[in-house]
Amino acid sequence: MRECDRSLSKRGLERMSRANVGRIDAGLLDDLGRRVVEVARGLFENKLVVSTFGVVSTRIPNTEYVLITPSGFSKARLDKDNLIIVDLDANLVEGKFRPSVETPMHTHIHKRRPDLSTVIHTHSPMACAFAAANMDIPCVSAEQAFYLGGRVPLVRKYSLPGTNKPSELESIVRSLRDVNVVLMRKHGVVVVGKTPEEALDTAIVVEDVATIAFHSIMLSKPREFTRKELNYLRDFKATRYGQKPSVF
Ligand SMILES: [Zn+2]
């Protein structure tokens, strides 16, 4: 991926428009950038990432482009002008810095899952402990059963950080077919969401349920939720939890 010395300038946006991929509204891009930065800071503040680790990417609506965090930046000090635009093949389109080394994984997920807006990658420690031990996070807490609907599975294939091997990227996508979060063996967590904020919320819950599962395994042999119980909780959540839309 080549580096580019242009920022997300008006000229750059016009250039992308000329590329016949749909016009990007500058206000929309500005708002999306602000939300990505807030979510990235949220990862840091919730101790889901340290140092320069972690990645946030979000699809720019109605385009073939993705806004992604740069490589080697602390998520605590990120500014929206530091963000990068890449296309769905991980080519740099616009930005002052190199995009995350995990860009191929992010763009592959965005390409294969246009129903999603956001992909987050963290190294949150309790979830990573399960990933390092080559274990799914077993579904032993009501929080996990209710929020995630079951186990947090390992991606079937092992891959090194920064992989761009199609079979490994496809393995990650396949593992995400029925869940919003998966564990990369010996590495970290991949969360997807319909908004940046939803993906952050899931990333926070994943670390919470991993902590509960870890401690329950230390204390005893916890029993996992059954499929029948999970189905009950799914219906319960759909019909009885939260407020009716008319309340807001
Ligand atoms: Zn990583």
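Trainee: Where is L32 found?
Mentor: L32 sits in helix α2, residues 26-45; helices here are DSSP runs of H or I with at least four residues, strands are E runs of at least two, and both are numbered from the N terminus. This is a predicted model, where local features need pLDDT of at least 70, side-chain atom pairs count only at pLDDT 80 or more, and totals for chains, interfaces and linings use all residues. Residues are numbered from 1 along each chain as its sequence is written, and side-chain values use heavy atoms, leaving out hydrogens and water.

Trainee: Okay, is L32 buried or exposed?
Mentor: L32 is buried, at 7% relative accessible area. Buried means under 20%, exposed over 50%, and partly exposed in between, with a 1.4 Å probe and protein chains only.

Trainee: Switching to the zinc ion, which protein donors does it have?
Mentor: H121, H123 and H187, each through NE2, at 2.0 to 2.1 Å. Donors are N, O and S atoms within 2.8 Å of the metal (3.2 Å for Na, K and Ca), and sites may look incomplete because water is not among the atoms.

Trainee: Is H187 buried or exposed?
Mentor: H187 counts as buried at 11% relative accessibility, while H123 is partly exposed at 26%.
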